[in-house]
Amino acid sequence: MSSRLRIVVAKPGLDGHDRGAKVVARALRDAGMEVVYTGLHQTPEQIVEAAIQEDADAVGLSILSGAHMTLFKRVVELLAERDARDIVVFGGGIIPEADIPELEQAGVAKIFTPGATTQSIVEWVRANVATPVG
């Protein structure tokens, strides 16, 4: 059994730009985590299903389209409905500072804005996502 962190990296909605998500996915993988990248244009339902099927410890969402309030909240809601509240949700992209407190209140553990380094993301994941026992 693996004791490495399993992270699903996803691009919710119609946003067609995935360079940032791929950079983060690679940084997490290079840091020793198991990473599943779901690809572009994923629905919250698809993301949650992938997280549960992959037995993920966390879901990292990336968005540039401006639909973060709806899509990020929906992922958190669906995880709760599926009794998977233990899966940590974090995200990044073009997200106004004013929206971050509401997203955190809704259950998104951390938001990374443009300029965040991959090292800071890796360090945050290591510090805030429980290492599985196995």
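**Entry 1: Helix 1 and its neighbours**

I looked up what the buried residues of helix 1 pack against, and I found strand 1 (6-10), strand 2 (34-37), strand 3 (58-63), strand 4 and helix 5. For contact I used heavy atoms within 4.5 Å. Helices (H or I, at least four residues) and strands (E, at least two) are DSSP runs, numbered from the N terminus.

A note on the source before I go on: this is a predicted model, local features need pLDDT of at least 70, side-chain atom pairs count only at pLDDT 80 or more, and totals for chains, interfaces and linings use all residues. Residues are numbered from 1 along each chain as its sequence is written, and side-chain values use heavy atoms, with hydrogens and water left out.

Which residues of helix 1 are buried? I listed Ala21, Val24, Ala25, Ala27 and Leu28. Buried here means under 20% relative accessible area, exposed over 50%, and partly exposed in between (1.4 Å probe, protein chains only). Viewed down the axis of helix 1, the buried residues fall within an arc of 165°, so they line one face of the helix. I took the arc from the directions between the helix axis and the C-beta atoms. Arg19, Arg26 and Asp30 are exposed residues on the face of helix 1 turned away from the buried side.

I also checked the length.

**Entry 2: Asp57**

I found Asp57 in the loop between helix 2 (44-53) and strand 3. Is Asp57 buried or exposed? Its relative accessibility is 16%, so Asp57 counts as buried. Leaving out residues up to four places away in sequence, Asp57 touches Arg4, Leu5, Arg6, Asp86, Ile87, Val88, Val129, Ala130 and Pro132. I also looked up Gln105, which is 48 residues from Asp57 along the chain; their C-alpha atoms are separated by 20 Å.

**Entry 3: Salt bridges**

How many salt bridges are there? I get 11, taking a salt bridge as a side-chain nitrogen of Lys or Arg within 4 Å of a carboxyl oxygen of Asp or Glu.

I went to Asp15 and Lys11 to begin with; their side chains form a salt bridge at 2.8 Å, N to O. Asp15 is buried, with a relative accessible area of 4%, and Lys11 is buried at 0% relative accessibility.

Next I looked at Glu102 and Lys73, a salt bridge whose closest N and O atoms are 2.5 Å apart. Glu102 belongs to helix 4 (residues 100-106) and Lys73 to helix 3 (residues 68-81), so this pair ties together parts 29 residues apart in sequence. Glu102 is partly exposed at 40% relative accessibility, and Lys73 is partly exposed at 23%.

Glu77 and Arg74 form another salt bridge, with the closest N and O atoms 3.3 Å apart. Both lie in helix 3, 3 residues apart, about one turn of the helix. I reminded myself that an α-helix has 3.6 residues a turn, so residues three or four places apart point the same way. Glu77 is partly exposed at 40% relative accessibility, and so is Arg74 at 27%. I also noted a network: salt bridges that share partners join Arg4, Arg6, Glu34 and Glu54.

**Entry 4: Rings**

I count 3 aromatic pairs. Rings of Phe, Tyr and Trp (its six-membered ring) pair if their centres lie within 6.5 Å; planes under 30 degrees apart are stacked, over 60 edge-to-face, and the rest tilted.

For Phe90 and Phe112, the ring centres are 6.4 Å apart and the planes stand at 90°, so the pair is edge-to-face. Phe90 is in strand 4 (residues 88-93) and Phe112 in strand 5 (residues 110-112), so the pair ties together parts 22 residues apart in sequence. Both Phe90 and Phe112 are buried.

Phe90 also pairs with Trp124, and this pair is tilted, at 5.6 Å centre to centre with 55° between the planes. Here strand 4 is linked with helix 5 (residues 118-128), as Phe90 and Trp124 are 34 residues apart. Trp124 is buried, like Phe90. I wrote down Phe90, Phe112 and Trp124 as one aromatic cluster.
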